Amino acid sequence: MESRRPGDARELNMAPGQMIKARIKKTLPVTGPQAPTVSELMHWYCMNTNTHGCRRIVVSRGRLRRFIWILLTLSAVGLILWQCAELVMSYYTASVSVTVQFQKLPFPAVTICNINPYKYSAMKEHLSELDKETKNALETLYGFSEGKSKIRRDADDWNATESKFLERIPLLKFKDLSKKTVTEIPSGNKRKIETSVFHQGSSMVNTGEPQDVVGFQLCDPNNSSDCAVYTFSSGVNAIQEWYKLHYMNIMAQIPLETKVNMGYSAEDLLLTCFFDGISCDTRNFTPFHHPLHGNCYTFNSGEDGKVLTTSTGGSEYGLQVVLYIEEADYNPFLVTSTGAKIIVHDQQEYPFIEDIGTEIETAVATSIGMHFTRSHKLSKPYSDCTETGTDIPVANLYNKSYSLQICLHSCFQRAMVDTCGCAQYAQPLPPGAEYCNYKKYPNWMYCYYKLHEKFVKEQLGCQQICKEACSFKEWTLTTSLAQWPSSVSEDWMLRVLSWDKGQKINKMLNKTDLANLVVFYKDLNERFISENPANNIVILLSNFGGQLGLWMSCSVVCVIEIIEVFFIDSFFIVMRHRWQKAKKWWNDRKATPHQEPPQRNAPAKRGHDHAVCPDEDLPTFNTALHLPLPQENHMPRTPPPNYSTLQLNAAFTDTLPDPLEGRSH
């Protein structure tokens, strides 16, 4: 007879899921990390953990007390998460420290340019036609000529000579800005424009009279209907902008060597020079050519590997120069002010004269005192700055150290080349490109204005790509002015300077042709501004421990225990249940299709009914492959005996006679 253990009858009446749980309990401990269910694991954890709140939830009697402990525990967990989030955020903040040192300071590079880029006497031949049409446009618009005549010329009296500049970019005078009624110059024809109007003078509504509004129209040569009109609140601004467009077209076609010869030489610009109380000359200045400002000269450029330093502050130990401006040779339409532009910068920085240059006046002594500051910001994740600019996808066209201005100008120039096919004249040339001019690129001016409009509105993406540099040097300038030369010294000073300059000019110098410049350190205090992390990893972990001890009375070991129980052990319990279910599904799938599924209350097949499964566990995947196919409608039973053992051998017949045989006789 088959022997069964006491629990077998109970298992036969269980559902498959309950039977699996019962078998797991037989082989595994009921409590601890190997608990068969997640609820039993949580119960074991709450009874054994050092976190007192969880234990109180389990052992408390009464629903109200248990609810209060649940509420307190969840509140403590919420406070911990909030405080830890604040600690993490404070970890990624930086504090600013300022260090002041008194030491020998390197003197910065000082770049000086004449406001007038080229001598007008040398440029007259190239600009003669443009200047002539500019004068005619001014005469038509405002009724005056070179003779200061106030008589307005009629359109019929306009010179019939070819006007190629006004034909390319016609000047327009608005009679009614709201109705877009304009008068063309020079023809004088009135018409109504249908294109969009952009006010370049200001973002505010123009408050002047309609007749004061002047502008010009730019059209796409490939599509005459695609035009835009740009207006200015001042006729001076409109004429100057119109003049600069044609000026850049002309200059882009002139070779660089010719432009250098038309500009001011170092001997022309510099009259006297002193640095640190010692005389200097043009050999201490390095020339470079700027597209908009002509020949410029940099003092202490550091190109020879030597950077001058100063050990004493004050104007007597700085750079002192007297500049010869030569006002009479200025271009009357290109620039409207007289003087020079200077910029103080680091030797590795590019001098953006047009952006941050400081103008100095003639007949004035300009003293510029400096304070030196070095700054360093933390890069990611503390701020969105770049250390060297190598991570910015914009090619540096200036061959100088990275700066935000270099990135923005390089980005716009690259977009100009990609969109318009040529480079804008005021910025360096990208490799393989050439400057725009309307002979080879007739569409460039219209394309440039459209592209510049997108750049200003931050639609090109340059402002999003370019980042500030993490490290930079800054010289804070303080400017003071004084009349120079004084009335009592004007006579002899101008005579001496004229004598020194007498080999190149044959006239008495005028004080409006001269500018006195002094650049010096006000003090030798170097200010170093740096960002440092407000917290480090040690402070962060200490703060975490304090929050855990304050709200949950637990340590890092308790946190590791929570991770182990709530994540690792719970995960394995869930996966164990899924594996048992998958195992049972696989065994059912491997059963023969003719075999009826066993009834829930029917006796289950035991493992010892087959030699392949000697144990009492359900057949696994490997043993299931070796099970013999069960016969249909036959219950498992004990194998029948070997009937050959029941046959009588002949030996027994000979030795044991039949006792009944004698009785029959």
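Lys 467 is buried, because its relative accessible area is 15% (buried is under 20%, exposed over 50%, partly exposed in between, with a 1.4 Å probe and protein chains only). This is a predicted model, where local features need pLDDT of at least 70, side-chain atom pairs count only at pLDDT 80 or more, and totals for chains, interfaces and linings use all residues. Residues are numbered from 1 along each chain as its sequence is written, and side-chain values use heavy atoms, with hydrogens and water left out.

Back to Lys 467. Its side chain meets that of Asp 384 in a salt bridge, 3.3 Å from N to O (a side-chain nitrogen of Lys or Arg within 4 Å of a carboxyl oxygen of Asp or Glu). Lys 467 sits in the loop between helix H14 (462-465) and strand S19 (471-483), and Asp 384 in the loop between strand S18 (364-376) and H12, so the pair ties together parts that are 83 residues apart in sequence. Asp 384 counts as partly exposed, at 49% relative accessibility. Helices here are DSSP runs of H or I with at least four residues, strands are runs of E with at least two, and both are numbered from the N terminus.

How many salt bridges does a search of the whole structure find? The search finds 11. One of them joins Lys 440 and Glu 434, with the closest N and O atoms 2.7 Å apart. Lys 440 is exposed, at 53%. Glu 434 is partly exposed, at 30%.

Next, Gln 424. Where is it? In the loop between helix H12 (404-420) and helix H13 (444-456). Is Gln 424 buried or exposed? Buried, at 4% relative accessibility. Leaving out residues up to four places away in sequence, Gln 424 touches Met 248, Gln 413, Met 416, Tyr 435, Cys 436 and Tyr 448. Contact means heavy atoms within 4.5 Å.

Now the second largest pocket. Its lining has 35 residues. Glu 241, Lys 244, Leu 292, Glu 354 and Tyr 448 lie nearest its centre. Helix H8 (235-251), helix H11 (353-356), H12 and H13 each supply at least two lining residues. A pocket is an open set of points on a 1 Å grid over the protein atoms alone, where a 1.4 Å probe fits, with protein on both sides within 12 Å along at least five of seven lines; lining residues have an atom within 4 Å of a point.

Last, the whole protein. It has 20 helices and 21 strands. Of its 665 residues, 39% count as buried.
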